[in-house]
Amino acid sequence: MARRTSWTLLAAAAATLAVAGACSDSHSPPPRALLGLPDVGTLAVTVTTSGSNTPSGYTVIVDGSSSQSVGINGLVTFIGLPPGSHTVLLSGVPSNCSVSGNPRTVSLIAGLVATTSFSVSCTATPPPPTTGDLTVTTATSGASGDLDHDGYTVSVDGNSSKSIGTSGSVTFTGLSGGSHSVALSGVASNCTVSGGNTRTVSVTAGSTTRTDFAISCGPTTGSLSVTTASSGASGDVDPDGYTVTLDGGTSRAVGDNETTTFSGLAPGSHTVVLSGVAANCSVNGGTSRTVSVTAGNTASTSYAVNCAPTGPTTGSLSVATATSGASGDVDPDGYTVTLDGATSRAIGDNETTTFSGLTPGSHTVVLSGVAANCSVNGGTSRTVSVTAGNTASTSYAVNCAPTGPATGSLSVTTATSGASGDVDPDGYTVTLDGATSRAIGDNETTTFSGLAPGSHTVVLSGVAANCSVSGGTSRTVSVTAGSTASTSYSVSCAPTSGGTGSLTVTTATSGASGDLDPDGYTITIDGSFSQPIGTNTSATFTGPSGDHTLALSGVASNCTVGGANPRTVTVPSGGTATTTFSVSCASTGGGGGVEVVGQGQIGSGSPTPGSDATTFNFDVRADLTGRFTGTDWTDLHAPNQPATLTTDPVADPATSFTAYRNSSSACSDPTRGVEVDAVGREDTGNLVAYTMTVCDNGPAGSGSDFFQVFIPSEGFGVSGAVTSGDISKR
């Protein structure tokens, strides 16, 4: 009885759901069941179909597992589903039909009935395709000059034709399904089609079929090489070679012993003619040849030319320049001489150059590059007649007027502060470049004139012990041509209070005369005032009384100072204190070797811009200390600015001396030589490694000393006998 009631309840529920489905849509709240069901839910799914070519029905699937068939316009019910969300899918929908929201999610509540509906729209199925497409491609191999550059023609079934490139693609559309004949035409005679140029291709309706043609093109032209082999003395063979002409049209020059090749020639016979053969020369077999050329190959022919001895057929022409004017006014970079408007070469202000191998006859010579302040007597152009076997000559006289200044000046000013009784009563001494000295007052200006442009060193000396110089006593000043550079010294003098006294310093040096320090020493008082002093001499200083510190420096490495150095000496007011520095110098082996000193120049000219002079000033010791400065007055890096090279590790720590060798094979007596490796700074600011080689071959002024500097990275060097000054190895 209970089972029958259950089925009755289910039937009543189904009827109720049918009514509910007819009265509600998917967006209306689901109706509540009229019967008391278990704690489960019910889902009613409605399907409606519109349009043509509809299916016979569908399948409704819930949660991917429970399914029921449904008509195209029908209702199915899923009973006993747990409450919650469920996925509903309408399957079996053909491709010509569409439905929205498929699949979808429906939410069930226990004891209630949920509904959802699918609306399906169908259209008529299109008929199957009856035509297809055909794509034809070409791929051509071979050298670029051998390909068929106007391409080919491809035709289908002997009717439809299209142009196609050597490596291209074209498509024929709307072809009926089935077999079609494809033909490639317009193929050059040097090209072949792999598999033939006609083929049958099956086209499938509704798709694109492809066929490919592979074309290979061989060479269409050949080459011809022509070789000349000339025999005879170098002065008798034809200096300008010959001319070879192909087929009476194409000509080119060929040397006496040379090969030239004509390319891109059509296969067949070609005529080659050699012309321009000198009268003293003959060609074996004549000057004309007929040569057969085949495609893809290089044919060859040769000419054997025999040249008999002749007399001279050419001459020479020498051109000389003679320039007058002050050294600073002549053209520093010389001139250019041009022959017959074609051949040019540089020529100095006073130099001769010769052009050789000229054909007899008139030749034109033009001088150019003349500075604006210079004029050429008779003009810059000359016509000169040259005869065979002789040297003709012409000359240019160039006069250069004065130009702007080539030198500059340097003014030095002193400004001394302190009580009148404390300032230095006898003033000071100012020294330029270690050579030129002059007196200068406590508050005075002096000017050095006629200085070469570049860096100059100024040193103030003779400063009293109670006075100090701001910034030190040495200055480096750059001088430019036509201008006056300046530098100043600010000297402060402390009170001497307790009066003044005198201090006599004596040096007593022992040792062999060849071992003594030839340039003596330097005595420094209180670390501020310095003065040179000989190896065996005395110097007296006047200054404030009291304790003073004395230091003896510049002592050669083979010499030692006895007693304290530095030392303290008390100067009495109104009196004189004395102290003696005893110096002992050991033997250096007779050839020196601890120091080399030099100042002077190589070259005969004066040290002015553009001259051949190179000046030097150095003092280098075996312990790799010292300084070096070289100035090349020939190498001008700016107008009237000579090139310089300086090594001074104290003033410029980036520079250094790296090796000191106590002999040199460059000297006739190697023991009189020194070689120094160093890093120096050029006036351009560049750091370069260089080697200085010097020979102390004799006394100052003998002209027997030797100086050389070489810069390996630049392949540049200067060398020569010392024409002024001296080099001393100690």
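**Salt bridges, pair by pair**

Author: D212 is partly exposed, at 40% relative accessible area (buried is under 20%, exposed over 50%, partly exposed in between; 1.4 Å probe, protein chains only). This is a predicted model, where local features need pLDDT of at least 70, side-chain atom pairs count only at pLDDT 80 or more, and totals for chains, interfaces and linings use all residues. Residues are numbered from 1 along each chain as its sequence is written, and side-chain values use heavy atoms, without hydrogens and water.

D212 pairs with R210 in a salt bridge (a side-chain nitrogen of Lys or Arg within 4 Å of a carboxyl oxygen of Asp or Glu). Their closest N and O atoms lie 2.8 Å apart. R210 is exposed, with 57% relative accessible area. By the salt-bridge rule, the count comes to seven.

Next, D619. A salt bridge joins D619 to R621, with the closest N and O atoms 3.2 Å apart. D619 has 13% relative accessibility, so D619 counts as buried. R621 is partly exposed, because its relative accessibility is 27%. The pair belongs to a network of salt bridges that links E595, D619 and R621.

Then R672. Its salt-bridge partner is D696, and the closest N and O atoms are 2.9 Å apart. This pair links distant parts of the chain, 24 residues apart. R672 sits in the loop between β53 (656-661) and β54 (673-682). D696 sits in the loop between β55 (687-695) and β56 (706-711) (strands are DSSP runs of E, at least two residues, numbered from the N terminus). R672 is partly exposed, at 24% relative accessibility. D696 is buried, at 10%.

Terms used: Helix = DSSP H or I, 4+ residues; strand = E, 2+ residues; numbered from the N terminus.
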